[in-house]
Amino acid sequence: MRYPPGSLVILTGLPGAGKTTLLERLYGLHGAESLPVVAGTAVVIDSSQSRRHWQGRLTWAPYPVRRAVVFVTHVTRIRQALTQGHAVVAHNRGCAPYVLRGFAWLARRHNASFHLLLLDAPADAALAGQLARGRVVAPRTFARHQRRWESLLTRVKGGDPAPAMGARIVDRAEAGLLEAIVFDPARGVDPGPRRSFRR
């Protein structure tokens, strides 16, 4: 898959759909990163990186507070990468309209094009993925994700990717065949090696 230089690509889907697994395979991640990783011309930002960064450091806080801190850290890292002119591939499980509008605003503010990559997995497969990773979403929360996900899928299949400029849907089989997410380099830019993004 090819995108313009400096794009923001949000990889989203149901919890357990395989988003983190896809990023690990494409970018050689080992699954224990607590910082974003630079790979070629892109910065790869998984929400699990922010969760690991705060792991064990907010034990005093109730879960909603910990979740909010992790999300703010995740978005801040995306903003930092865009500010520095990087293309970004970011995992984000939430696909609520206000979340997507926020990413669209962030992309516009940094003159980046905003794209969605939707990993479509059946609910039972996503639940199995949650069990396999040992982190299961509460039934009510998962039902909410399903409603928002189905609404987004319906819109995208109908030709409306808004607020993104474009959206692509891949199922698990197609994701398994994906070899790379490529950003066309800006003129004069050396892609450079894969390295940790220490910001």
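This is a predicted model: local features need pLDDT of at least 70, side-chain atom pairs count only at pLDDT 80 or more; totals for chains, interfaces and linings use all residues.
Two strands are said to pair when DSSP finds at least two bridges between them.

Strand S3 comprises residues 37–39, and three bridges join it to strand S4 in an antiparallel arrangement. Val-38 has Val-43 of S4 as its bridge partner. The two strands form a hairpin with two residues between them, and in this hairpin Gly-40 adopts a positive phi near 65°.

Strand S4, residues 42–45, also pairs with strand S5, residues 87–91; here the sense is parallel, and there are four bridges. Ala-42 has Ala-87 of S5 as its bridge partner. Which way do the residues of S4 point? Ala-42 and Val-44 point one way, whereas Val-43 and Ile-45 point the other way, and all of them are buried.

Attention now passes to helix H5, which spans residues 123–133 and has Ala-125, Ala-126, Gly-129 and Gln-130 as its buried residues. Why do these four lie on the same side of H5? They do so because the arc they cover around the axis is only 145°. As for the partners of the buried side, the buried residues of H5 pack against helix H6 (139–157) and helix H7 (172–177). After H5 comes Gly-134, with a positive phi near 80°.

The model contains one cavity of 30 Å³ or more, and the largest cavity holds about 30 Å³ of space. Its lining consists of Thr-20, Glu-24, Leu-29, Gly-31, Glu-33, Asp-46, Ser-48, Gln-49 and Arg-52. Helix H1 (19–27) and helix H2 (47–54) are the elements that give two or more residues to this lining. Of the elements, H2 gives the most, with three residues. How many residues of the lining are nonpolar, polar and charged? One is nonpolar, four are polar and four are charged.

Terms used. Residues are numbered from 1 along each chain as its sequence is written. Side-chain values use heavy atoms; hydrogens and water are left out. On a 1 Å grid over the protein atoms alone, a cavity is a set of points where a 1.4 Å probe fits but cannot get out, and a pocket is an open set with protein on both sides within 12 Å along at least five of seven lines; lining residues have an atom within 4 Å of a point. Grid points are joined across faces, edges and corners, and a volume is the space filled by probe spheres set on the points. Ala, Val, Leu, Ile, Met, Phe, Trp, Tyr, Cys and Pro count as nonpolar, Asp, Glu, Lys and Arg as charged, and the others, Gly among them, as polar. Buried means under 20% relative accessible area, exposed over 50%, partly exposed in between (1.4 Å probe, protein chains only). The arc is that of the directions from the helix axis to the C-beta atoms. Contact means heavy atoms within 4.5 Å.
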